[in-house]
Amino acid sequence: MNNDNNILNDNTVRLNKYLSDAGICSRREADRLIEAGRVLIDDRVALMGERVSAEQNVTVDGKPVKKEEEFILLAVNKPVGIVCTTSDKDRAENIVDFINYPKRIYPIGRLDKDSQGLILMTNRGDIADKILRGSNYHEKEYLVEVDKPITQGFIAKMEVGVPILDTVTRPCKLAKTGPKSFKIIITQGLNRQIRRMCEYCGFKVVKLKRLRVLNIELGDLEIGKWRRVTKEEQDELFRRIDYRE
């Protein structure tokens with residue numbers, strides 16, 4: 001049986017996992033880098049789905065890839081205007097450059113350019129993949145402000161699920177916090193999900209702030225600042241995502 005998590009007898013692993021484990025990016029982002037021809041193995045352009053060994057020379061954009069042994073997990077309060085992708089399609093500053101951490105880290109998932117709040121950053125691809133896996137129904141909590149007064153009809157419609165992006169959103173929890181604001185807990189990560197849900201119901205999002213991912217909370221962390229996730233938070237996170245070091 002083929003299992004990406006196992007090293008075969010020839011001591012190779014899939015290239016996207018190799019890059020992920022080295023703290024370069026998630027497996028999904030690694031596939032994009034490979035497809036764009038930005039990854040080389042022994043000075044030749046890597047192929048999608050290729051396997052690689054620790055003895056080979058792997059580079060991304062000309063920089064050697066070396067596995068970082070230290071586990072890094074940061075909680076960041078992302079400002080509006082910063083993007084969470086390292087692609088060149090958006091000329092805005094990306095979160096990796098903005099944080100300018102001295103070691104390779106990348107965001108776990110995304111928070112769109114117009115939103116602010118909690119984004120987790122790590123150098124461990126296996127942890128990122130477990131957190132992002134939609135089938136795990138991991139909670140994310142947001143504070144949302146819209147352009148007009150919230151009605152009970154709006155709350156009921158949002159909570160049961162609305163059709164967007166060729167699917168119906170999972171049931172979610174809403175709590176009104178003001179005439180035009182509410183907290184929402186979702187277990188999906190569809191593209192601009194909350195904004196699209198509100199638009200379907202006839203509302204426009206004015207402000208969106210992520211407050212929590214699983215058990216990690218934004219708290220009073222200042223905009224643009226970051227902190228290390230505590231040992232207690234880390235242990236609880238690992239328990240929730242069923243991760244063992």
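Which exposed residues does helix 5 carry on the face turned away from its buried side? They are Q152 and V160, where exposed means over 50% relative accessible area, buried under 20% and partly exposed in between (1.4 Å probe, protein chains only). Helices (H or I, at least four residues) and strands (E, at least two) are DSSP runs, numbered from the N terminus. Everything here comes from a predicted model, in which local features need pLDDT of at least 70 and side-chain atom pairs count only at pLDDT 80 or more, while totals for chains, interfaces and linings use all residues. Residues are numbered from 1 along each chain as its sequence is written, and side-chain values use heavy atoms, with hydrogens and water left out.

Helix 5 covers residues 152-160, and its buried residues include F154, I155 and M158. These three sit on the same side of helix 5, because they cover an arc of only 95° around the axis; the arc is that of the directions from the helix axis to the C-beta atoms. Part of the cover over the buried residues comes from strand 13 (173-178), strand 14 (181-186) and helix 6. Just past the end of helix 5 comes G161, with a positive phi of about 115°.

Now for the nonpolar cores, meaning sets of buried Ala, Val, Leu, Ile, Met, Phe, Trp, Tyr and Cys residues joined through side-chain atoms within 4.5 Å. The largest has 37 residues, and L15, L19, V39 and V58 have the most contacts inside it. At least two residues of this core come from each of several elements, among them helix 1 (15-21), strand 2 (39-41), strand 7 (73-78) and helix 7 (231-240). Apart from this core lies another, of 33 residues, including V144, V146, F154 and C201. In soluble globular proteins, nonpolar side chains tend to be buried together.

A closer look at L15 shows what it touches, contact meaning heavy atoms within 4.5 Å. Not counting residues up to four places away in sequence, L15 touches I34, V39, I41, A46, E50, R51, V52 and V58. Over in strand 5 there is T59, which counts as buried because its relative accessible area is 10%. Leaving aside neighbours within four places in sequence, T59 is in contact with R38, V39, L40, P64 and V65.

Then there are the salt bridges, each a side-chain nitrogen of Lys or Arg within 4 Å of a carboxyl oxygen of Asp or Glu. The whole structure has 17 of them. One joins D129 to R27, with the closest N and O atoms 3.1 Å apart. D129 lies in helix 4 and R27 in helix 2, so this pair ties together parts that are 102 residues apart in sequence. Both partners, D129 and R27, are buried.

Another salt bridge pairs R195 with D112 (3.2 Å, N to O). R195 belongs to helix 6 (residues 193-200) and D112 to the loop between strand 8 (106-107) and strand 9, 83 residues apart. R195 and D112 are buried too.

D235 and K231 form a salt bridge as well, their closest N and O atoms being 2.9 Å apart. The two are four residues apart in helix 7, so about one helical turn separates D235 from K231. D235 counts as partly exposed, at 38% relative accessibility, whereas K231 counts as exposed, at 51%.
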